[in-house]
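Let's take a walk through this model, from the overall fold down to a handful of residues. Have the sequence and the coordinates open as you read.

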Amino acid sequence: MHQDAHDPHARRAGSAPAVLETTVDALMDGVCADLKRLAAIPSIAFPGFSPEPVLQARDLLVALLRDVGVADIGELNLADTAPVITGSLPPPTPEAPTVLLYGHYDVQPPGDERLWDSPPFEPTDIEGGIRARGIADDKANLMVHLGALRAYGGRPPVGIKIVFEGQEEYGSVFDDYPPTDPDLFACDAMIIADTGNIRPGTPTLTTALRGAAEVFVEVRTLGAAVHSGEYGGAAPDALLVLVKALATLHDLHGDVAVEGLRREPWHGTTLTDDEFRELAGIPRDTPLIGSGGLGERLWSGPAITVIGLDAPPVDRAASAVVPFARAKLNLRVHPRQDPKEAQAALVRHLQRLRPYGIPLTVVPGDAGPGYEAATDGPAYRAARTALRRAWGSDPVHSATGGSIPLVNGLAQAVPDAEILLFGAEDNLCGLHGPNERVLLSELRGALLAEAAFFAEYAATFRAGDAR
């Protein structure tokens, strides 16, 4: 059992540095027990999966929020979207800041369960951690939020707003909702707990997210397939035309060669080549593509990936000239570049090509902006102090090549709020893959960091640093 919201020891948690650490350590057994309860629920909000486990996870979180003292709990229901849990705790004083806490309670499908060392929805103790689908992404981070509130007995030194989403992994209209209802999200700072440390034990603030866009390119050269022996060598092969076009997207080093895409050096912390190889499963004798720093290739520069190809499959290939081929391209762009602008640059590049004299049909798809945080405000100063306290070393700034579309919606809804991204995940946790796990050291550190942030931010805010 976790500490009761009326436990006097929990209410004193922020009164002295040693007390907060002691309080968090005393909470960990209860936090882990509730995390296992939550991770045992297969809350997959994808088409084809039962919605009942998603609602079961929602109900458990609502109960845990009520138990920690959040009485003002609501629910946002949007079309074709799992419920968004909302809630609030008023600031203890009129001058105290308000912090929005975000996380999501849905998870990725488990994939091939034969690749798991234990059933994905049976949380299993492992050395130093717990294994289960969704335990890191993002249920541990939900328990970080709840644990930080427990550390203060439900009476933190800041006001609190709760936004726990139930369909982040699949995506929904909620991504674009915040600007339409800014009062619901009004706050001074947000903790987006859907990230974590660049490596275990290295306190990390994620300060940039790449934007993303899709482009479809197709070629039609013949009315139908014709015999490659009779016609090959003169009849235009659509697949050859497409491959010729795709080959122009990168130079000899593997760097993106499309004019108009922004690229800058990355000055924050990055992975080592060996860490990246381990994460991506790249054999040591296979070279990485591109030149320059790894952070530049992954975070502050563009990437173009061919994520889909329509062409005859090898196993059923006939001896014929291919009449039609199509590819789907995924473009990742600099956090500050307009994704529509970048997408248009890729479209222009492809439309100008005439491989073997044959034009391409190029169609833009979806696009979503990246995000780069301003890191010189009072919330970031408080967060750096809090993370240093939790892990015993100075935090680093990192980025992610993935996108969190909701962050942009929140930034539009509350443009003056500082947005902090940190949490209990780490880059080795295996999110979205088999054997996903969370380390107890990361869970404890993130919980302590958030609880310490509440106290530090409240103190500096009252001191006038935020005015």
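Predicted model: local features only at pLDDT ≥ 70, side-chain atom pairs only at ≥ 80, totals over all residues.

Residues are numbered from 1 along each chain as its sequence is written, and side-chain values use heavy atoms, with hydrogens and water left out.

**The whole protein**

The protein has 13 helices and 20 strands; these are DSSP runs numbered from the N terminus, with helices being H or I of at least four residues and strands E of at least two. Its C-alpha trace spans about 85 × 45 × 45 Å along the principal axes.

Of the 467 residues, 54% are buried. Here buried means under 20% relative accessible area, exposed means over 50%, and partly exposed is in between, using a 1.4 Å probe and protein chains only. The accessible surface comes to about 19,900 Å², and carbon and sulfur atoms own 52% of it; areas come from the Shrake-Rupley method with a 1.4 Å probe.

Now for contacts, meaning heavy atoms within 4.5 Å. Among those with a separation of 6 or more, 79% are between residues 24 or more positions apart.

As for charge, there are 39 positive and 62 negative side chains, and the centres of the two sets lie 2 Å apart. Lys and Arg count as positive, Asp and Glu as negative, while His and the chain ends are not counted. Each charge is placed at NZ of Lys, CZ of Arg, CG of Asp or CD of Glu.

**The cores**

Which residues touch the most other members of the largest nonpolar core? Phe453 and Phe454 do, in a core of 96 residues. Helix α13 (residues 440-462) supplies the largest share of this core, with 12 residues. A nonpolar core is a set of buried Ala, Val, Leu, Ile, Met, Phe, Trp, Tyr and Cys residues joined through side-chain atoms within 4.5 Å. There is also a second, separate core of 28 residues, with Val215, Leu261, Val322 and Leu350 among them. In soluble globular proteins, nonpolar side chains tend to be buried together.

Beyond its neighbours within four places in sequence, phenylalanine 454 has contacts that include Val99, Leu101, Ala148, Tyr152, Pro156 and Ile191.

Alanine 148 sits in helix α4 (residues 135-151) and is buried at a relative accessible area of 0%. Leaving out residues up to four places away in sequence, alanine 148 touches Leu447, Glu450, Ala451 and Phe454.

Two backbone details are worth a look here. The peptide bond from aspartate 137 to aspartate 138 is cis, with omega near 20°, and aspartate 138 lies in α4. Just after the helix, glycine 153 takes a positive phi of about 60°.

**Around strand β12**

Glycine 301 is in the loop between α9 (294-298) and β12 (303-310), and is buried at 0% relative accessibility. Its contacts, not counting residues up to four places away in sequence, are Arg210, Arg262, Arg263, Glu296, Arg332 and His334. Threonine 305, in strand β12, is partly exposed at 40% and touches Lys328, Leu329 and Asn330, again leaving out residues up to four places away in sequence.

| Pair | Apart in sequence | C-alpha to C-alpha |
|---|---|---|
| Alanine 148 and phenylalanine 453 | 305 residues | 9.5 Å |
| Glycine 301 and aspartate 255 | 46 residues | 9.5 Å |
| Threonine 305 and arginine 332 | 27 residues | 8.5 Å |

**Positive phi in two loops**

Most residues other than glycine have a negative phi, and most peptide bonds are trans. Tyrosine 356 has a positive phi, near 60°. Tyrosine 356 is in the loop between α10 (339-352) and β15 (361-368) and counts as exposed at 56% relative accessibility. Asparagine 435 also has a positive phi, about 65°. Asparagine 435 lies in the loop between β19 (425-426) and β20 (437-439) and is partly exposed at 22%.
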